[in-house]
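Trainee: Hi! Could you walk me through this one? I'm new to it.

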Amino acid sequence: MKNNNKVFLLKSFIHLAALLPLINLYWQAFADQLGADPVERVIHFTGIGSLNLLLITLCVSPLAKIIKQGYLLQTRRLLGLYAFVYAVFHLINFLAFEVQFDGALFISEVIKRPYITIGMAAFILLSLLAITSLNRLKRKMGKSWQTLHNYSYLLVVVVTVHFYWSVKSELTSPLLYFLLCFMVLSFRLKKLKRLL
Amino acid sequence: MLINTPKNSTLNDSDVTDENIYHGRRSLLKKMGFIGAGTLLGNSIVNQASAGLFGDDEPRFITTALDYKKDISNLDLAKTPEQKVISHNNFYEFGAKKEQPAQLSQQFNVKPWQLSISGECDNPITLDYDDLLTMFPLEERIYRMRCVEAWSMVIPWVGFSLASLLKKVAPNSRAKYVAFETLYDPEQMPGQENRRLGGGIRYPYVEGLRIDEAMNPLTLMSVGLYGKTLPPQNGAPIRLVVPWKYGFKGIKSIVGIKLVEQQPPTTWNLLAAKEYGFYANVNPNHDHPRWSQASERRITSGGLFSRNRIATLPFNGYGEEVAALYQGMDLSTYY
């Protein structure tokens, strides 16, 4: 199979794998099939989904190197954009269903609650990465594009801290995610040393 | 006078499918299937096929109807549907996710049960399962339930006041506090066995009240909800309900009540003292460090759009009955 076709197939798969769970989630939530408190469920699902997609995105380039399949890099932007889409839904869920468009409450929660503050910071950073993924902007930005996108390493750690900070008592899952962060970053030790 | 005109669509008690029949519906279907298909196919094939088709046939915990006096004072409160009350639970002994207790507790055994009331009192006693249901006249109490996580429900509990139980054992003058303890049985409670499932809290779960809080007429020992005995996920066979405090004070599946002189340790306070105090009175003016307590999401029927965020009331709206208990206390110090 030609690489172009492989990329097409992979991308189609990514679209399906990212969109179908999301559609299913909201379908169930609107039909009241998502347990007694669908708000909690949609918030958690989209939040964890975004973190998962970020981690997968960061796996692409090490994987492409290891198995020597350079065309895999062409799926990276799409994966990153889906991490952003999930984050957008995560934020919409919080705004529309948790605080229910109480603007004052939303702003005070973002300012007063450190875990929401850093979640919001992560969202702004992720938005910047998403916007600058447009080819035209990428070309215009030149070298500064790479500098900006190197912040994805910081981003994944901040998002994991946001998760860790939000849980009530169960720490095993957030700690597992810290381990995953460490793993995807460990492939980039040289680069990270240079950046720091 | 409240005039209630029933709509055509309104169901009566007599319209409700008996619970035993409802839970047995699959075996009923199976039996019907056997008569039909069994004449065509060998029995063993049908057996295998039906086992595969009806694999979700885990027996559910059977609750039974109770005799009780109806609560006619809180009819204006829109109740949270029973299905939501019994499927959305914080009972980490059966898993820290909201849906897990209903899934992982159906084999829970409440017979035999022993609840001992001891400590600083003249007549310590131990009650068995039947005593819990028959020792006191049962009454319905429709209470608001405010979770510390900022959601709430309205639940028709059935039970008796803790005060009447405590009077039976005659507390002495050293009884300043009441300490409660949940069953510790890792074989039956997977959350106690597995730290990840159990949310990393210490077991057995313990809670406590000041004696005057315990004697307040609102404080309820609940043995049922929606007219039937409690299902395990809600704390069968007996649990505490303190409607002006956050839900985590409502300790479930209680085996021990002890009258003590010193303020007893409480589970969530041991885990994070800055976040969960001993008193845990519902207080819109004292935020949890990580989220606001000024308002709450009331869980009623419907999906994502149909629940409302409402203002949280001091003492969960029971201030008239209980505010006097805390006169002169700084509620942001004693949260």
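This is a predicted model: local features need pLDDT of at least 70, side-chain atom pairs count only at pLDDT 80 or more; totals for chains, interfaces and linings use all residues.

Trainee: How much area is buried between chain B and chain A?
Mentor: About 2600 Å² is buried between chain B and chain A, and carbon and sulfur atoms give 51% of that. On the chain B side, R196(B), R290(B) and L304(B) lose the most area to chain A, together 30% of what that side buries. Buried area here is the accessible area (1.4 Å probe) that two parts lose on being put together, summed over both.

Trainee: Why use lost area at all?
Mentor: The accessible area lost when the parts come together is often how the size of an interface is given.

Trainee: Got it. How many residues does each chain bring to the contact?
Mentor: Chain B brings 33 residues and chain A brings 29. Contact means heavy atoms within 4.5 Å.

Trainee: And how many salt bridges are there between chain B and chain A?
Mentor: The count between them is 9, and over all chains it comes to 20. A salt bridge is a side-chain nitrogen of Lys or Arg within 4 Å of a carboxyl oxygen of Asp or Glu.

Trainee: Show me one. What does R196(B) pair with?
Mentor: R196(B) forms a salt bridge with E170(A), with the closest N and O atoms 3.8 Å apart. This pair crosses between chains: R196(B) sits in the loop between helix 8 (190–193) and strand 6 (206–210) of chain B, and E170(A) in the loop between helix 8 and helix 9 of chain A. Helices (H or I, at least four residues) and strands (E, at least two) are DSSP runs, numbered from the N terminus.

Trainee: Are those two buried or exposed?
Mentor: E170(A) is buried, with a relative accessible area of 15%, whereas R196(B) counts as partly exposed at 44%. Buried means under 20% relative accessible area, exposed over 50%, and partly exposed in between (1.4 Å probe, protein chains only).

Trainee: Where is K168(A)?
Mentor: K168(A) lies in the loop between helix 8 (151–166) and helix 9 (172–186) of chain A. K168(A) counts as buried because its relative accessibility is 18%. Residues that K168(A) touches include N90(B), Y92(B), W268(B) and R290(B).

Trainee: Which residue does the side chain of K168(A) meet in a salt bridge?
Mentor: That's E149(B), at 2.8 Å from N to O. The two side chains are also joined by a polar contact of 2.8 Å. A polar contact is a pair of N or O atoms within 3.5 Å; within protein, one must be able to donate a hydrogen and the other to accept it, and residues adjacent in sequence count only if both atoms are side-chain atoms.

Trainee: Let's switch to chain B on its own. How many helices and strands does chain B have?
Mentor: Chain B has 11 helices and 12 strands. Of its 335 residues, 50% count as buried.

Trainee: What does R146(B) form a salt bridge with?
Mentor: R146(B) forms one with E296(B), the closest N and O atoms being 2.9 Å apart. The pair links distant parts of the chain, 150 residues apart: R146(B) is in strand 3 (residues 139–146) and E296(B) in strand 11 of chain B. Both residues are buried. E296(B) also meets R298(B) in a salt bridge (3.3 Å, N to O), and R298(B) is buried too.

Trainee: What about cis peptide bonds?
Mentor: One joins Y203(B) and P204(B), with omega about 0°. Another runs from A236(B) to P237(B), with omega near 0°. P204(B) lies in the loop between helix 8 and strand 6 of chain B, and P237(B) in the loop between strand 8 (228–229) and strand 9 (239–241).

Trainee: Last one: what is phi of K68(A) near?
Mentor: Near 55°, a positive value in a residue other than glycine. K68(A) is found in the loop between helix 2 (38–66) and helix 3 (76–98) of chain A, and is exposed, with a relative accessible area of 70%.

Technical notes:
Residues are numbered from 1 along each chain as its sequence is written. Chains are lettered from A and ligands numbered from 1 in the order in which they are written. Side-chain values use heavy atoms; hydrogens and water are left out. Lists of a residue's contacts leave out its neighbours within four places in sequence.
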